Amino acid sequence: MRASTDMENKEYAGMTGKTERAESERKKRGDRKDGVWLRDMDGFHAIMPHLMPQRCESEVYIEETIDVTEMMRYIERRNKEGLPYKLTPFHVMVAAVAKLIYHRPKLNIFISGKRFYQRKKMTLAFVVKRKFEDEAEESLLIMEVNGDTTLDMISRKIVGDADQVRKEGGNDINDLLDKLARLPRWVMRLAMCGFRFLDFHGWMPESICRGDSNYATVLLSNLGSIKCNAAYHHLNNYGTNSLVVTIGKIHKEQVTDENGNVRIRDVVALGATADERIADGFYFAKSLRLLEQILAQPQSLEEPVKMDIDQGQQ
C-alpha cells in the first residue's frame, strides 16, 4: 500500500458524502448514471487503471481484531427496552460501516472503463440464507443508505427484507440468475461478453444493477452467524464493487490496555478487501481506526449517519 502525500490529500479535500452536490456541479459528458467521473485525478492515480487494469490484481487485505465490548452492552440494553425486533451485532456493524463510508467518501469510489468515479449512492449488500440448513439456497439483499439513515431504520430494513426473502424465496436478481443458468454454455458465453461490454461503458440496465452485489458500495459477509472467523474474500473484476468486509464471530479475549492492565473484553475479527487504486494505505488505515471509534460509542448510531464522528477518544 502507498503512503499518502499532502498533494493527494488536497486533491481529495473537496470530496464529501453529499454526492448530490457533486453531481450537479460535474454533470458533464462522461459521467455514468451511478457515478460522477473524477476528471482531476493526478497522473500517478490516473495511470494506475492502465498499469493494473484488473480489480482482482489490485486488492489489499486488512484483518483487525476490534474491541466490541461497548457494542455488546449497548445491544443488551436496547433489547431489554422491548424493541419490536431483536437488535443484533450485525445490525450495528452495518450501521457503523454505513456511517464510516458516508464520512470517508473515497471508500465509495470505483473504477470502471479505466476511469475513476465517485458513486452517487451508497449501497450495502449481504447474503441471506432462505433456511438455516446446509443445502439451503442463498439470496442477495441490497440496501440503499443516505445521510438521514439511522440504526433503527437499518435494523427494521434488514429484519423485514430477510423475512420476506425466507417467505417468498428470493428476489428479481435471483430469478434472472436462475434463467441464465439454464442457457446452453455457448449462449451463456455470448451473454457474458455482452454484459462485460455494457459494464465497461456503464450501460448496464438499472434493473440488473440494483439487485447485484457486484454493483454495491460494499459487500458484507457475516461469517460470525455461522460460527466462523473473518476470512479473506476476493473482489470481482465485473461490476463496480471496490470493498468487501467479512465479520467473524464475537468472542472473549484477554486485552492489555495502555496502562498494562489485563482485562477480558468482547472482540471480533474484521477482514476488509479493497481496491488499492481508489485510495492510499494511510486512508484505509485511518478508516479502520474510525470504525473502531464508531463501535466504541454505538449509541451515536441512533442519530443519522451524516452526524459527525466524535473522535475525542482518539
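This report covers the overall fold and then the cavities.

The model is predicted: local features need pLDDT of at least 70, side-chain atom pairs count only at pLDDT 80 or more, and totals for chains, interfaces and linings use all residues. Residues are numbered from 1 along each chain as its sequence is written, and side-chain values use heavy atoms, without hydrogens and water.

The protein chain has 11 helices and 10 strands (DSSP runs, H or I of at least four residues for helices, E of at least two for strands, numbered from the N terminus). Of its 314 residues, 46% are buried (under 20% relative accessible area, 1.4 Å probe, protein chains only).

A cavity is a set of points on a 1 Å grid over the protein atoms alone, where a 1.4 Å probe fits but cannot get out; lining residues have an atom within 4 Å of a point. A volume is the space filled by probe spheres set on the points, which are joined across faces, edges and corners.

| Cavity | Volume | Lining by class |
|---|---|---|
| Largest | about 220 Å³ | 14 nonpolar, 2 polar, no charged residues |

The largest cavity is lined by 16 residues, and Leu100, Leu243, Val245, Ala272 and Leu288 are the closest to its centre. At least two lining residues come from each of β2 (59-67), α6 (89-103), β8 (243-247), β10 (262-275) and α11 (281-296).

The second largest cavity is lined by Arg32, Lys33, Asp34, Gly202, Met204, Cys209 and Tyr215.

Technical notes
1 Å grid on protein atoms, 1.4 Å probe; cavity = no way out; pocket = protein on both sides within 12 Å on 5 of 7 lines; lining within 4 Å. Nonpolar A, V, L, I, M, F, W, Y, C, P; charged D, E, K, R; others polar. Buried < 20%, exposed > 50% of the residue type's maximum accessible area, 1.4 Å probe, protein only.
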